[in-house]
Amino acid sequence: MAEDFFPSNHPTPSPQCAEDEHAWLRLLRSRRVGPTTFFKLIREHGTAQAALDALPDVAQTAGIKDYHPCPPTVVDEELRRAQKIGAQLICWGSRNYPASLTEIPDAPPLMWAVGDISLLSRPMVALVGARNASSLGLRMAGRLAKDLTRDGYVVVSGLARGIDTAAHEAALAHGQTIAIMPGGVDQIYPSENTHLSKEIAENGLRLSEQPIGLSPQARHFPLRNRIISGLSQAVVVVEAAAKSGTMITARNALDQGRDVLAVPGHPFDARSSGCNMLIRDGATLVRHADDVFEAINGAFSHPSPVESYQSSAVEPSSASRPVSAPQPARSLNETSKLHDQILARLGPRPLAEDQLIQELGHPAHELSAEIVTLELDGHIIRGAGGLLSRNR
């Protein structure tokens with residue numbers, strides 16, 4: 001069952017009660033149901049429960065036999081764990097769902113949050129970069145985070161070691177940071193950031209679309225990255241190698257229509273090669289926070305970030321208002337053909353994702369989404385350095 005079927009223009013209502021939330025969780029946790037398929041199923045069948053009832057027939061039509069939706073007991077256990085850690089469920093269409101995420105084509109239908117969810121209604125800037133960051137890179141990330149939060153912005157990052165950690169730590173001084181988790185919102189990675197993650201839960205926000213209790217795996221990081229960029233008005237890359245997860249985040253940001261900014265580095269330092277490439281290709285060069293403010297606001301003056309954000313963002317939906325979810329771009333047959341093209345280019349020898357995208361000639365954001373789908377289905381293996389190979 002591929003990720004694109006059931007095109008429809010019908011709005012998607014948010015859950016109205018605990019039973020609806022339970023059905024939404026079951027549908028999204030069902031095998032081979034991602035965000036795009038989730039929204040299409042609800043549009044086609046009206047409710048999550050009706051979609052769950054129809055899933056076995058839908059799967060059989062797609063050539064999948066003996067398909068069973070996610071059992072209710074699995075969701076019961078996830079809800080029990082959520083209650084234990086004080087996590088809140090944020091559903092598409094609810095008043096707490098961040099308006100910025102409604103603009104991206106593969107928005108998560110559900111997210112778990114631990115901490116201050118009011119931060120999701122404030123203007124956000126992402127700070128991302130290398131795990132093996134230099135001392136200068138760490139200082140730069142800390143300075144940018146401090147100045148951004150001082151002027152009212154929330155700093156978003158991925159809780160990884162290096163640049164992410166420095167950004168979160170500096171932003172915590174003002175309680176204005178959001179950590180997007182690659183696994184469950186209760187699964188801290190890396191373990192060295194256990195204390196930092198606790199401070200973020202107390203003074204900021206931890207956020208994840210993954211099931212509570214799920215340990216992060218390699219395929220979860222690209223999914224996490226699209227949320228980092230999707231939440232933010234701009235993405236600032238402090239240090240990044242030419243082929244790195246940080247560059248995937250930058251590419252996501254460009255595809256999502258976000259501003260991409262980069263801190264330049266010495267040409268001999270591989271940790272800055274990605275930043276220098278971004279600047280060469282048109283990203284805004286960042287020397288200090290004023291460069292970020294200018295890119296976002298179009299002037300060196302610092303207008304209220306909240307006013308600036310509210311004037312340009314989509315108005316958050318009320319809990320009872322139907323919301324139009326992202327629309328599908330391809331039919332099921334077209335998606336299957338694209339999957340065949342991707343797999344035909346891959347073999348046991350690893351291939352860089354950028355090279356694969358260049359060879360196929362499709363838009364990067366379309367191919368990246370389908371590569372992740374094939375990863376989840378077990379057809380593609382992502383190895384060291386993000387290199388792709390076919391799982392035979």
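Which residues is isoleucine 117 in contact with, leaving aside its neighbours within four places in sequence? In this predicted model, the contacts of isoleucine 117 are Gln88, Ile90, Asn96 and Leu205. Isoleucine 117 is found in the loop between strand S2 (110-115) and strand S3 (124-128). Its relative accessibility is 16%, and because buried means under 20%, isoleucine 117 counts as buried. The C-alpha atom of isoleucine 117 is separated by 9.0 Å from that of arginine 206, although the two residues are 89 places apart along the chain. A further pair of this kind is formed by glutamate 202 and valine 114, which are 88 residues apart in sequence and have their C-alpha atoms 8.5 Å apart in space. Glutamate 202 belongs to helix H7 and, at 54% relative accessibility, counts as exposed.

These pairs may be set beside the figures for the whole protein. Contacts between residues at least 6 apart in sequence were examined, and 73% of them join residues at least 24 apart. The protein contains 15 helices and 11 strands. Its chain has 392 residues, of which 54% count as buried.

The packing of helices is illustrated by helix H5 (residues 135-150) and helix H6 (residues 163-171), whose axes come within 8 Å and cross at roughly 35°. The crossing of H5 past H6 is right-handed. On the side of H5, the contact is made by Gly137, Leu138, Ala141, Gly142, Ala145, Lys146 and Thr149. On the side of H6, Ile163, Ala166, Ala167, Ala170 and Ala171 take part. By residue class, this contact comprises eight nonpolar residues, three polar residues and one charged residue.

Helix H9 (residues 245-255) is largely enclosed by the rest of the structure, because eight of its 11 residues are buried. The buried residues of H9 are Thr246, Met247, Ile248, Thr249, Ala250, Arg251, Asn252 and Ala253. In helix H11 (residues 289-297), the buried residues are Ala289, Asp291, Val292, Phe293 and Ile296. The elements against which these residues of H11 pack are H5 and the strands S3 (124-128), S7 (234-237), S8 (259-262) and S9 (284-285).

Arginine 32, in the loop between helix H1 (18-29) and helix H2 (35-45), has a phi near 65°. With a relative accessible area of 29%, arginine 32 is partly exposed. Aspartate 66 has a phi near 55° and is placed in the loop between helix H3 (48-61) and helix H4 (72-85). Its relative accessible area is 69%, and aspartate 66 is therefore exposed. The peptide bond from tyrosine 189 to proline 190 is cis, with omega near -5°.

The loop between H1 and H2 also holds serine 30. What counts serine 30 as buried is its relative accessibility of 3%. The side chain of serine 30 reaches the backbone oxygen of arginine 26 at a distance of 2.7 Å. Beyond the residues up to four places away in sequence, serine 30 touches Leu52, Leu55, Tyr67, Pro69 and Cys70.

The cysteines were also considered. A disulfide is a covalent bond between the sulfur atoms of two cysteines. How many disulfides does a search of the whole structure find? The search finds zero. Cysteine 17 counts as partly exposed, at 33% relative accessibility, whereas cysteine 91 counts as buried, at 3% relative accessibility.

Technical notes: Residues numbered from 1 in each chain as written. Predicted model: local features only at pLDDT ≥ 70, side-chain atom pairs only at ≥ 80, totals over all residues. Heavy atoms only, no water. Axes fitted to C-alpha atoms, helices over the stretch in contact; angles between N-to-C directions. Helix = DSSP H or I, 4+ residues; strand = E, 2+ residues; numbered from the N terminus. Left-handed = near helix turned anticlockwise from the far one by under 90°. Contact = heavy atoms within 4.5 Å. Nonpolar A, V, L, I, M, F, W, Y, C, P; charged D, E, K, R; others polar. Buried < 20%, exposed > 50% of the residue type's maximum accessible area, 1.4 Å probe, protein only. Polar contact = N/O pair within 3.5 Å; in protein donor to acceptor, adjacent residues only side chain to side chain. Disulfide = S-S within 2.5 Å.
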